[in-house]
Amino acid sequence: MGKINVTVWDETIGPLGPYPNGIYQAIADFLEESKEFGTVRTSTQPQAEHGLSVEVLADTDVLIWWGHCHHNDVDDEIVERVRKRVMEGMGLIVLHSGHASKIFSKLMGTDTLGLRWREADELERVWKIESNHPITIGIPDYFDIPKSEMYGEHFCIPAPDELLFISWHQGGEVFRSGCTFKRGKGKIFYFAPGHETFPIYYMPEVQQVIINAAKWAAPLPMEPVITGHTPESPEAMRLCGQ
Ligand code: ZN
């Protein structure tokens, strides 16, 4: 398999909280530094076609999505374009407040992806609950985010295919903070940490999870899929020596 091309998408351009060049650039920087990937691009909502032209998506193996305040301003046509690419096999990593994005909602098949939340500068303890998984490799049993936004249950997602992380918050809430899903040929990972006022994307554990997830979500080489009316059974064909 060739190098994995990653596109990091963000709804804003420019500095945000502790990220002088934006969250998208902070994420692109550590992906680049890992030397695990091919092209690492950034695309943002204010760009033409939200930076997600047919050409960009065709050259994207894994799309990372960070959005918060402007979900409803994302063009439905672009959302559908992204959805189709996921069905074809493009990986999608949805971060933090991307839980409420149109693309995540569409792929999850739900009208609302609500959750409990509180901006409270509280400790978040992220527990790894699945070992020997490509996304959790190298991650300790748990790690602490000293100041985080509380995301708590209930989280209105369909039951995930795999639950990899559960977060405990200082206020006592828990949250399914790392979940995988498959839609069509595409692999999807939701990862909750990453509120824009805290330097969470600089944390080595968080970076490692996202790097691991981008490698995991990359499409595998496509094999033909046989469907439809099958006039000859494989066994009949074998008996005729075909
Ligand atoms: Zn937030």
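Let me start with a convention: Ala, Val, Leu, Ile, Met, Phe, Trp, Tyr, Cys and Pro count as nonpolar, Asp, Glu, Lys and Arg as charged, and the others, Gly among them, as polar. Thanks for coming, everyone. What we have here is a predicted model, in which local features need pLDDT of at least 70 and side-chain atom pairs count only at pLDDT 80 or more, while totals for chains, interfaces and linings use all residues. Residues are numbered from 1 along each chain as its sequence is written, and side-chain values use heavy atoms, with hydrogens and water left out.

Lining residues have an atom within 4 Å of a point. Grid points are joined across faces, edges and corners, and the volume is the space filled by probe spheres set on the points.

How many cavities of 30 Å³ or more are there? The count comes to one. The largest cavity has a volume of about 40 Å³, and its lining consists of H96, E124, S148, E149, Y151, H169, F175, A192, P193 and G194. By class, that lining has four nonpolar, four polar and two charged residues. Which element gives the largest share of the lining? That is strand β6, residues 142-152, with three residues. Strands here are DSSP runs of E with at least two residues, helices are runs of H or I with at least four, and both are numbered from the N terminus.

Now the largest pocket, which holds about 190 Å³ of space. Around it you will find K182, G184, K185, K187, P219, L220, P221, M222 and E223. That lining divides into four nonpolar, one polar and four charged residues.

On to the salt bridges, where a side-chain nitrogen of Lys or Arg is within 4 Å of a carboxyl oxygen of Asp or Glu. By this rule there are 12 of them. One joins the side chains of K102 and D76, at 2.8 Å from N to O. K102 lies in helix α4 (residues 102-108) and D76 in helix α3 (residues 76-88), so this pair ties together parts that are 26 residues apart in sequence. Another one is between K106 and E80, whose closest N and O atoms are 2.7 Å apart. Again K106 is in helix α4 and E80 in helix α3, so the pair ties together parts 26 residues apart in sequence. E80 and K106 are also linked with R83 in a network of salt bridges.

How covered are these side chains? Our words for that are buried (under 20% relative accessible area), exposed (over 50%) and partly exposed (in between), with a 1.4 Å probe and protein chains only. K102 is partly exposed at 24%, and K106 is partly exposed at 39%. A further salt bridge links R118 and E122, with the closest N and O atoms 3.0 Å apart. Is E122 buried or exposed? At 15% relative accessibility, E122 counts as buried, whereas R118, at 27%, counts as partly exposed.

Next, the surface. W127, I129, Y142, W168 and V174 form a nonpolar patch with about 440 Å² of accessible area together. Patches are made of residues with over 30% relative accessible area and no salt bridge, with like charges joined within 9 Å and nonpolar side chains (Val, Leu, Ile, Met, Phe, Trp, Tyr) within 5 Å. The areas come from the Shrake-Rupley method with a 1.4 Å probe, and for residues only the protein chains shown count as cover. W127 sits in strand β5, residues 116-128, and is partly exposed at 36%.

Finally, some backbone geometry for you to check. Most residues other than glycine have a negative phi, and most peptide bonds are trans. Here, the peptide bond from E153 to H154 is cis, with omega near 20°; H154 is in the loop between β6 and β7 (162-169). D121 has a positive phi, near 55°; this residue lies in strand β5 and is partly exposed at 44%. N132 has a positive phi of about 55°, lies in the loop between β5 and β6, and counts as exposed at 81%.

That's my tour, and I'm happy to take questions.

Technical notes: On a 1 Å grid over the protein atoms alone, a cavity is a set of points where a 1.4 Å probe fits but cannot get out, and a pocket is an open set with protein on both sides within 12 Å along at least five of seven lines; lining residues have an atom within 4 Å of a point.
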